[in-house]
Amino acid sequence: MFQLGKTIVSEDIIEKDFVCNLSACKGACCIDGDAGAPLEEEETKILETIYPKVKPFLRQEGIEAIKNQGVFITTEDGELETPLINRADCAYVIFDENNVALCAIEEAYNQGEISWKKPVSCHLYPIRVKDYTEFSAVNYHRWQVCDDACTLGKELRVPVYKFVKEALIRKFGTDWYDELEKVVKTF
């Protein structure tokens with residue numbers, strides 16, 4: 001672990017390799033698990049604003065889940081998350097012709113309907129950020145459904161921090177990322 005501004009960063013994001021391999025995993029991270037995507041408070045307001053433009057991209061099951069639960073949920077622990085369909089798929093999941101799970105929010109973004117790509121937690125994955133009072137912890141999250149991404153990352157020699165460069169800059173800014181790259185050179 002090392003400190004970068006008000007973040008404590010796991011060395012795993014430098015030492016581990018990762019490149020999403022959707023042809024192998026079919027987007028399992030969006031349909032497996034028992035929780036929705038973590039959301040930041042300001043993202044809940046964005047979801048409420050953009051939902052009418054995202055709705056046409058959704059599956060009927062997603063529309064129903066959002067109708068019943070809202071565009072986001074608050075867990076018993078007070079965490080904000082995307083709602084789920086039957087405690088499995090994220091309500092915002094859609095599937096392409098190859099049955100690969102995709103994000104309806106990102107699809108609306110890609111088609112120019114909205115200017116917000118997707119929740120930053122999704123964009124950052126496999127990095128997870130946990131905010132504390134004095135700092136944020138930046139950690140690599142290892143999940144079995146991403147084994148193929150680890151293998152592909154190793155083959156291509158792409159460390160986690162490079163794979164999620166755009167998302168890290170989105171979350172922490174260009175200066176933070178530039179400082180991260182300086183730290184990497186010392187390893």
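Is glutamate 106 buried or exposed? At 19% relative accessibility, glutamate 106 counts as buried, where buried means under 20% relative accessible area, exposed over 50% and partly exposed in between, with a 1.4 Å probe and protein chains only. The legends below start with the whole chain and come back to this residue.

A note before the views: this is a predicted model, in which local features need pLDDT of at least 70 and side-chain atom pairs count only at pLDDT 80 or more, while totals for chains, interfaces and linings use all residues. Residues are numbered from 1 along each chain as its sequence is written, and side-chain values use heavy atoms, with hydrogens and water left out.

**View 1. The whole protein chain.** The protein chain holds 10 helices and 10 strands; these are DSSP runs numbered from the N terminus, with helices (H or I) of at least four residues and strands (E) of at least two. Along its principal axes, the C-alpha trace spans about 50 × 40 × 35 Å. The radius of gyration is 17 Å, which agrees with the value near 16 Å that a compact globule of 187 residues would have. That radius is taken over C-alpha atoms, and the globule rule is 2.2 Å times the number of residues to the power 0.38. Of the 187 residues, 43% count as buried. The accessible surface comes to about 10600 Å², and 47% of it belongs to carbon and sulfur atoms; such areas come from the Shrake-Rupley method with a 1.4 Å probe, and for residues only the protein chains shown count as cover. Among contacts (heavy atoms within 4.5 Å) between residues at least 6 apart in sequence, 66% join residues at least 24 apart.

**View 2. The largest pocket.** About 1000 Å³ of space lies in this pocket. Its lining has 45 residues, and Cys29, Cys30, Lys118, Cys122 and Tyr125 lie nearest its centre. The elements that give two or more residues to this lining are helix H2 (22–25), strand S8 (101–103), helix H5 (104–110), helix H6 (120–124) and helix H9 (165–172). H5 gives the most, with 4 residues. Sorted by class, the lining has 28 nonpolar, 8 polar and 9 charged residues. Here Ala, Val, Leu, Ile, Met, Phe, Trp, Tyr, Cys and Pro count as nonpolar, Asp, Glu, Lys and Arg as charged, and the others, Gly among them, as polar. A pocket is an open set of points on a 1 Å grid over the protein atoms alone where a 1.4 Å probe fits, with protein on both sides within 12 Å along at least five of seven lines; lining residues have an atom within 4 Å of a point. Grid points are joined across faces, edges and corners, and a volume is the space filled by probe spheres set on the points.

**View 3. Glutamate 106 in its helix.** Glutamate 106 lies in helix H5. Not counting residues up to four places away in sequence, glutamate 106 touches Lys117 and Lys118.

**View 4. The second largest pocket.** This pocket has about 530 Å³ of space. Of the 20 residues that line it, Pro38, Leu39, Glu79, Val129 and Lys130 are the closest to its centre. Strand S4 (80–81), H6 and strand S9 (127–131) are the elements that give two or more residues to the lining, and S9 gives the most, with 5 residues. By class, there are 8 nonpolar, 4 polar and 8 charged residues in this lining.

View 5. Valine 129 lies in strand S9 and is partly exposed, with a relative accessible area of 24%. Leaving aside neighbours within four places in sequence, valine 129 is in contact with Leu124, Ser136, Ala137, Val138, Lys171 and Phe172. Valine 129 and threonine 7 are 122 residues apart in sequence, yet 9.3 Å apart in space, C-alpha to C-alpha. In the loop between H6 and S9 you will find proline 126, and a cis peptide bond with an omega of about 25° joins tyrosine 125 and proline 126.

**View 6. Two asparagines with positive phi.** Asparagine 86 is not a glycine, although its phi is positive at about 50°. Its place is in the loop between strand S5 (84–85) and strand S6 (89–90), and at 73% relative accessibility asparagine 86 counts as exposed. Asparagine 99 also has a positive phi, of about 65°. Asparagine 99 sits in the loop between strand S7 (93–95) and S8 and is exposed, with a relative accessible area of 52%.
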